[in-house]
Amino acid sequence: MVPTDQTARFGLYKIAAATPLVEIGNPSKNVEQILALLAEEELKSADIIGFPELSVSAYTCGDLFFQETLLKDVEAAVVSLCSSLKDDPRMVAVGAPLLWQGRLFNCAVVLYGGKIQGVVPKTHIPNYQEFYEKRWFASGEGIVESEIQIGGEPYPFGTDLIFQYQGANVGIEICEDLWVPTPPSSWLCENGADIILNLSATDDNIGKYSYIRGLVASQSARCRCGYAYASAGAGESSTDLVFSGIDLVAADGAIIGANERFAGSPSYSTGIIDVEKLRNDRRKYSTYFDCSTPGKARFIDLKASADKPRFAMEEMRVEKHPFVPSSKENRDAVCREIAEIQSWGLARRLEALPSHGITVGISGGLDSTLALLTAHRTYRKLGLDLKEIVGITMPSKANSERTKGNSHKLMERLGVTAREIPISAAVKQHFLDIEQPEDKYDVVYENGQARERTQILMDVANKTGGIVLGTGDMSELALGWCTYNGDHMSMYNVNAGVPKTLVKYLVDWYADNTEDPLLRETLKDIIDTPISPELIPSEKGNEIKQQTEDFVGPYELNDFYMYHVLRNGFSPAKIFRLAEIAFGEKYSRDELKERLTGFYKRFFSQQFKRSCMPDGPKIGSVCLSPRGDWRMPSDAKGRAWIEEAENL
């Protein structure tokens, strides 16, 4: 079990939407059912729980809402429920019909630590088709800075309430409030709410469930919030309507928890909301606060009368490969979209040039293969002559026959102009000129080859009137795993926005979608070839000696770290904890720590290469271009990040 202060420190909150088995007009029985659900093991570790609209009375009471007996029983039941939760560390919201200034309101009652913390009335009262709520309830529109009497005691009442629960701000709206053009949750989030509870009573009909899922997901995206939607279910009247009991939890546009409908019994769904991530996004996307509407929220501080519930961070679903969709269907769709973005970006660049020639270095590795496939796709799209693409393989004594052979096969099958220009003699002369021992396999030896290859590409491009197409991927840019003014440089880099973990899936997608069996076979072999710069010769002859991941660490870890550093802005401690959950069975704690520290060291020290990186299309939500997403001084110091990682 993870210590309480850790989940609080990382801004993590487990929220739940729960639907009890109600009896119409029987508040005391309904409170028993609510308490029974709260006793479920899964909900014991939840922080914030929302129950359906009018869950204390049941939603389908009809004209029983006019009965004084029911309203008194509801009030007594709310007080009883509150007392039962005296030592409970969770924030709980239930629905109840309550009187205020002689009018009846459809309300959400917030309970915590044995006290009623506040009451929120429903704003938008539906009175169309199967809904007749205006027959019984008044609207809470405009009710702010008010109080309501329950059990003879005054409590905050109004639509302006936001509840501060141990670091998270929670707002509430009720059913129809979500369906209107400007939901109250939008205003609540603009004024600081991180999590929204929706107490609902939505009847089911054909197609409505998918519509509700879309509403909940889109509102959580628009408001960059966590959203729990709890709707009425078993026990409600089926005289004219059926209530299936919909419990949904969403975060920032994604449904992360959903129950099984039509269970005929109590149900719930849960999800862990990362409030820190949501707040980081709100700060990053500056237009979020530009549309704030006038008004002042009233914050109710739920004093920590009890410890925050403990839930294990292992309950979180942490994606090992955040850049790569887990299902093949989604992955194929993403690969198709990336291929379009890359090819259209290159097409626009070609259209802006006086000639259409492309020169690209082909190593037999994944990155150069993807760049050539993109060029081929672009030329076919534009109806250009494929022979204007000049692919050049530039072997040295460090290259294996496997990669050299695949380079030639690839160019042949794609129908581009293929050239081989060995660099060994030129590099040998260069080493003599600069007094570099030919058998000293250091960084000078490696970078000299990379720069020689780039010089050849640039000069051939000049001769053919074309441009050099870059091949390096985003992961290499993050780590600085490229030679400055060598493979680091080009006139346009189609791979600059593609992380290494996604490159192989893109090449595989091309392989699966070609009708050429020999091309498919070549692409599959390239995918299976170890990742290597092939700059150091092997003592055993035709063997790949260098394996990149031996130096920089596994790319799946580097991409994982890159995603959470750039996309979420998380601290080293939080990223490390997430990595433990995602990779704990594969890598030791020491290795995860070593690789995280190494990532920060390389990321900060190599910014100078990114500050002058070539143009290239943005692909996903993370980009390293200084003209796009990432602006950082080349002399920025990473001391604070590195020290935190080292001290984990």
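**Pocket, cavities and packing**

Author: The largest pocket has a volume of about 1500 Å³. A pocket is an open set of points on a 1 Å grid over the protein atoms alone, with protein on both sides within 12 Å along at least five of seven lines, and a cavity is a set where a 1.4 Å probe fits but cannot get out; lining residues have an atom within 4 Å of a point. Grid points are joined across faces, edges and corners, and a volume is the space filled by probe spheres set on the points.

Reader: What kind of model is this, and how are its residues numbered?

Author: This is a predicted model, in which local features need pLDDT of at least 70 and side-chain atom pairs count only at pLDDT 80 or more, while totals for chains, interfaces and linings use all residues. Side-chain values use heavy atoms, with hydrogens and water left out, and residues are numbered from 1 along each chain as its sequence is written.

Reader: Which element gives the most to the lining of the largest pocket?

Author: The largest pocket is lined by 43 residues, and the closest to its centre are Ala-254, Lys-277, Arg-317, Glu-319 and Tyr-563. Elements giving two or more residues to this lining are β13 (254–258), β14 (267–274), α7 (275–284), α8 (328–351) and α17 (555–566); helices (H or I, at least four residues) and strands (E, at least two) are DSSP runs numbered from the N terminus. With five residues, the element that gives the most is β14.

Reader: How many charged residues has the lining of the largest pocket?

Author: Asp, Glu, Lys and Arg count as charged; Ala, Val, Leu, Ile, Met, Phe, Trp, Tyr, Cys and Pro as nonpolar; and the others, Gly among them, as polar. On that basis the lining of the largest pocket has 24 nonpolar and nine polar residues, and its charged residues number 10.

Reader: What volume has the largest cavity?

Author: Four cavities of 30 Å³ or more are found in a search of the whole structure. The lining of the largest cavity has five nonpolar, six polar and three charged residues. The volume of the largest cavity is about 100 Å³.

Reader: Which elements give two or more residues to the lining of the second largest cavity?

Author: The second largest cavity has a volume of about 40 Å³. Its lining includes Val-120, Glu-173 and Leu-188. The elements giving two or more residues there are β5 (115–121), β9 (168–174) and α5 (184–190).

Reader: Which residue of β10 stands opposite Glu-173?

Author: Five bridges join β9 to β10, and these strands run parallel; two strands pair if DSSP finds at least two bridges between them. On one side of β10 are Ile-195, Leu-197 and Leu-199, on the other Ile-196, Asn-198 and Ser-200, all of them buried. Buried means under 20% relative accessible area, exposed over 50%, and partly exposed in between (1.4 Å probe, protein chains only). The residue opposite Glu-173 is Asn-198.

Reader: Why is one side of β18 and of β20 left without a neighbour in the sheet?

Author: The open sheet has five strands with parallel pairing, in the order β18-β17-β16-β19-β20. β18 (417–420) and β20 (492–493) stand at the edges, so one side of each is left without a neighbour, as each has a single partner strand.

Reader: Is Val-360 buried or exposed?

Author: Val-360 lies in strand β16 (residues 358–361). Not counting residues up to four places away in sequence, Val-360 touches Ala-371, Leu-372, Ile-389, Val-390, Gly-391, Ile-392, Leu-457, Leu-469 and Thr-471, where contact means heavy atoms within 4.5 Å. Its relative accessible area is 0%, so Val-360 is buried.

Reader: At roughly what angle do the axes of α9 and α15 cross?

Author: Helix α9 (residues 366–382) lies across β16, β17 and β19 (467–470) and runs at about 160 degrees to β16. Leu-366, Thr-369 and Leu-373 in α9 meet Leu-523, Ile-526 and Ile-527 in α15, a contact with five nonpolar, one polar and no charged residues. Axes are lines fitted to C-alpha atoms, for helices over the stretch in contact, and angles run from 0 to 180 degrees between N-to-C directions. The axes of α9 and α15 (residues 517–528) come within 9 Å and cross at roughly 145 degrees.
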